[in-house]
Amino acid sequence: WNLDNMFKPMRNITMICVNGQCLGPTGNQQGGHWFLSLSTGARIRRHQWTELPMPVEVINRVNALGKAQQMPKTLTFGDRHAHEIQDTLNEIDSGSNDES
């Protein structure tokens with residue numbers, strides 16, 4: 001994602017773009033979304049962005065940020081308070097399409 005930052009200097013508007021990964025909606029009425037800044041690793045909120053293909057450099061950067069923060073190597077989900085949501089084997093869909 002290319003995040004559009006709008007800054008208004010004295011005479012004209014300059015657009016500065018930041019590369020980031022979308023984390024999801026902020027939940028407010030303005031329709032903003034949270035993004036992970038790939039340059040700083042910070043969580044930032046934006047209302048405008050341009051969707052771009054996911055290059056290998058972005059995947060490598062996200063992996064490097066996760067490793068630096070000692071994140072688990074598996075995909076985990078959490079609630080809005082950063083509490084991990086645990087899965088059990090009984091909750092995992094086997095993928096079968098049984099209609100019995």
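The model is predicted: local features need pLDDT of at least 70, side-chain atom pairs count only at pLDDT 80 or more, and totals for chains, interfaces and linings use all residues. Residues are numbered from 1 along each chain as its sequence is written, and side-chain values use heavy atoms, with hydrogens and water left out.

**Surroundings of H33**

- H33 belongs to strand β3 (strands are DSSP runs of E, at least two residues, numbered from the N terminus).
- Beyond its neighbours within four places in sequence, H33 is in contact with C22, G24, P25, T26, I44, R45, R46 and W49 (contact means heavy atoms within 4.5 Å).
- A polar atom of the H33 side chain lies 3.4 Å from the backbone oxygen of G31.

**Charge and ring**

- R43 sits over the face of W34, 3.7 Å from the ring centre (CZ of Arg must be within 6 Å of the ring centre and within 35 degrees of the ring normal).

**Lining of the largest pocket**

- The lining residues comprise 13 nonpolar, 13 polar and six charged, with Gly counted as polar.

Conventions
Helices (H or I, at least four residues) and strands (E, at least two) are DSSP runs, numbered from the N terminus. A polar contact is a pair of N or O atoms within 3.5 Å; within protein, one must be able to donate a hydrogen and the other to accept it, and residues adjacent in sequence count only if both atoms are side-chain atoms.
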